[in-house]
Amino acid sequence: MSVSHPQYLRLVRVSAWYDLLVTAGFTTPWTYHLTHAALSSLGTALHLGPLPPTTPLQTLYANLMASVVVIWAVLRIRHALPLHGLYDGAARVLFSTWLAYALTHGIKVLWLFLVVEAAFGIAQLLPWRHSRTDRAAPLTRPSRCRVHLDR
C-alpha cells in the first residue's frame, strides 16, 4: 500500500479512533481512577496482575498524556493526512518502547496495549519505506483553507 492510497488514510483514521476510545478514560482524574480500577481488575482476571496503586503525580501525567492523545486523535479523524500517519507511526514506536520498558518492570497488563501500538506503528510506517516521492506528494501538505463569511 502506498501512502497516497486512500486505504492508508483509512488506516490513519482507524488508529485515531482506537486512540480516542482507549485514551478517553485517562483524560480526567475521575475517569482515570475508574479506568485504572477496570484495568487492574482485567489484569487480575487474566492472571497478569493489577496495576500499581495510583498517586497524584501518576494521575497528573496520565491526564496530561491522554489530553494530548485525544486532541491528536480528533485531528486525525477529522483531517487525516498521510503525514499524520508517518508522525503517528513514529509516536507509536516510542510508546511501544516505553510500554516494553514498563513490562520489564512487572506491569504485565500492558501487553494488551503493546500489541496494538506496535501493529499500528508498523502498519503506518511500512508504506513510507518504498517511495521518496510519496513524502513530497501534495497529499502530505495541508491545503490552505479559505473562509467565506456571509454578511
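These legends go with a set of close-up views of a predicted model.

A few ground rules first: residue numbers start from 1 along each chain as its sequence is written, and side-chain values use heavy atoms, with hydrogens and water left out. Since this is a predicted model, local features need pLDDT of at least 70 and side-chain atom pairs count only at pLDDT 80 or more, while totals for chains, interfaces and linings use all residues.

**View 1**
Reading from the N terminus, the elements go α-α-α-α-α-α. Helices here are DSSP runs of H or I with at least four residues, strands are runs of E with at least two, and both are numbered from the N terminus. Of the 151 residues, 37% count as buried. Buried means under 20% relative accessible area, exposed means over 50%, and partly exposed is what lies in between, using a 1.4 Å probe and protein chains only. Take the contacts in the protein with a separation of 6 or more: 70% of them are accounted for by residues 24 or more positions apart. A contact, throughout, means heavy atoms within 4.5 Å.

**View 2. Helix α1 against helix α5.**
Two packed helices are described by the angle between their axes and the distance between the axes. For α1 (residues 6-23) and α5 (residues 111-125), the axes come within 10 Å and cross at roughly 155°. That makes α1 roughly antiparallel to α5. The axes are lines fitted to C-alpha atoms, for helices over the stretch in contact, and angles run from 0 to 180 degrees between N-to-C directions. Angles under 35 degrees count as roughly parallel, over 145 as roughly antiparallel, 65 to 115 as roughly perpendicular, and the rest as oblique. The crossing of α1 with α5 is left-handed, a label used if the near helix is turned anticlockwise from the far one by less than a right angle (right-handed if clockwise). On the α1 side, the contact is made by Tyr8, Leu11, Val12, Val14, Ser15, Tyr18, Asp19 and Val22; from α5 come Phe113, Val116, Glu117, Phe120, Ala123 and Gln124. By class, the residues of this contact of α1 with α5 split into 10 nonpolar, 2 polar and 2 charged. In this scheme Ala, Val, Leu, Ile, Met, Phe, Trp, Tyr, Cys and Pro are nonpolar, Asp, Glu, Lys and Arg are charged, and the others, Gly among them, are polar.

**View 3. Tyr18, a residue of helix α1.**
Tyr18 is buried, with a relative accessible area of 17%. Not counting residues up to four places away in sequence, Tyr18 touches Arg92, Phe113, Val116, Glu117 and Phe120. Look at Tyr18 and Val116: they sit 98 residues apart in sequence, yet 9.1 Å apart in space, C-alpha to C-alpha.

**View 4. Helix α3 against helix α4.**
Here the packing angle is about 155° and the axes are 11 Å apart. α3 and α4 are therefore roughly antiparallel to each other, and their crossing is left-handed. Met65, Val69, Trp72, Leu75 and Arg76 of α3 meet His84, Tyr87, Asp88, Arg92 and Phe95 of α4. The contact of α3 with α4 has 6 nonpolar, 1 polar and 3 charged residues.

**View 5. Val69 of α3 and His84 of α4.**
Val69 is buried at 11% relative accessibility. Leaving aside neighbours within four places in sequence, Val69 is in contact with Asp19, Thr23 and Phe95. The C-alpha atoms of Val69 and Asp19, 50 residues apart along the chain, are separated by 7.0 Å. His84 is buried too, with a relative accessible area of 11%. With neighbours within four places in sequence set aside, His84 is in contact with Val12, Trp72, Leu75, Arg76 and His79.

**View 6. The largest nonpolar core, with 23 residues.**
A nonpolar core is a set of buried Ala, Val, Leu, Ile, Met, Phe, Trp, Tyr and Cys residues joined through side-chain atoms within 4.5 Å. Tyr8, Phe26, Ile107, Leu110 and Phe113 touch the most other members. α1, α2 (29-45), α3 (56-78), α4 (82-104) and α5 each supply at least two residues of this core, and α1 gives the most, with 5 residues.

**View 7. His47, in the loop between α2 and α3.**
His47 counts as exposed, at 74% relative accessibility. Its phi is near 60°, a positive value in a residue other than glycine.
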